[in-house]
Amino acid sequence: MANGGPVEHGFPHLDTVRASITALYKRLSYDTIQTFATSVAPVDVAFCDTDDLHLGAQRVARELVRHYRLPDARLIVGFREMTHAAHVELAAGPEYFVELNDRFRTHRRDIGAALAHEVMHVCLHRLGLSFPGTRENEILTDTAATYLGAGWLLLDAYREDAASSQKLGYLTPEEFGYVLAKRARLFGEDPSVWFTSAQAYSAYAQGRARARRDEQQPPMTSAGWAGRRRYARDRRHAQDLRSASPASGVAYVFTSEGRGPLRVSFPCPTCHQRIRVPVRGRVRARCGLCRTVLECDT
């Protein structure tokens, strides 16, 4: 939790974020992810100063347990002084103890954001899905919470001005915006209507622009002129060599098995699983993991 200190910006964790989205599809499946088409509604996690602190926190926790499809999990929420925003004990269950930073006693509107992250820890623990390393695992947790419909709360908790700052989670604000844009593209959702933070909207716009670039890379037909020109040059080079030819600074890779046809592989813009298709002009590729259909000119 950045509380008054500097807030990291940009996209330093993008590779791990993309790997997290791929891991979600592999563990949950396309059909299961489709059941999360509706995000957590603001009214369901609203928390005002007149609400009882502990009863209100339990109510929000129950709503997030319901949203993440954990009906047999019970969260007991408490508060104590700590450095981080929150902590959850990942025991065998069905009861899980969550501790929130004492700061949330007076910043109650952000309790939903803190719980969105901690309840997702429980969800991933139940699924047996994790990454090696604490930081990578926390990025996975933020990404999963956002992609499955509760992470807009974490981005909305980001506020920064000349005198103070606050940010929850391990992703940068722009990375939260990137994952939210991926989700919005998948489900036709506009999370920006729920933001109360002007800085959150700005970060979402930057993340959305970065996410759109994923859909404009060759060999997809939506790629720009410069990308298509470079792709054509790299393709000619690969055809001359008739061997693996990873191009520097691009996501696509040309391969050839002996005298077989030249193929190109590239990441799916939705789930980032690599797709491999023959180099033969216009083709329609379908991702086997997330079922996205892509128009390509290989």
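These legends walk through a few close-up views of a predicted model.

Residues are numbered from 1 along each chain as its sequence is written, and side-chain values use heavy atoms, with hydrogens and water left out. Because the model is predicted, local features need pLDDT of at least 70 and side-chain atom pairs count only at pLDDT 80 or more, while totals for chains, interfaces and linings use all residues.

**View 1. Helix 1 meets helix 5.** Helices (DSSP runs of H or I, at least four residues) and strands (E, at least two) are numbered from the N terminus. Here helix 1 (residues 14-28) packs on helix 5 (residues 134-147) at an angle of about 60°, and the axes lie 9 Å apart. That angle makes helix 1 oblique to helix 5; angles under 35 degrees count as roughly parallel, over 145 as roughly antiparallel, 65 to 115 as roughly perpendicular and the rest as oblique. Axes are lines fitted to C-alpha atoms, for helices over the stretch in contact, and angles run from 0 to 180 degrees between N-to-C directions. Look for Thr16, Val17, Ser20, Ile21, Leu24 and Tyr25 on helix 1, and for Glu136, Ile139, Leu140, Thr143, Ala144 and Tyr147 on helix 5, which make the contact (heavy atoms within 4.5 Å). By type, the contact residues comprise 8 nonpolar, 3 polar and 1 charged; Ala, Val, Leu, Ile, Met, Phe, Trp, Tyr, Cys and Pro count as nonpolar, Asp, Glu, Lys and Arg as charged, and the others, Gly among them, as polar.

**View 2. Helix 3 and its buried residues.** Helix 3 (residues 53-67) has 15 residues and reaches 21 Å from first C-alpha to last, close to the 21 Å expected at 1.5 Å a residue (1.5 Å times one less than the number of residues). Its buried residues include Leu53, Val60, Leu64 and His67; buried means under 20% relative accessible area, exposed over 50%, and partly exposed in between, with a 1.4 Å probe and protein chains only. The buried residues of helix 3 pack against strand 2 (74-80) and helix 4 (111-127).

**View 3. A cis peptide bond at proline 219.** The bond from proline 218 to proline 219 is cis, with omega near 15°. You will find proline 219 in the loop between helix 8 (198-214) and helix 9 (225-241).

**View 4. Positive phi at serine 29.** Serine 29 is not a glycine, yet its phi is near 85°. This serine 29 sits in the loop between helix 1 and helix 2 (30-34), and is partly exposed, with a relative accessible area of 29%.
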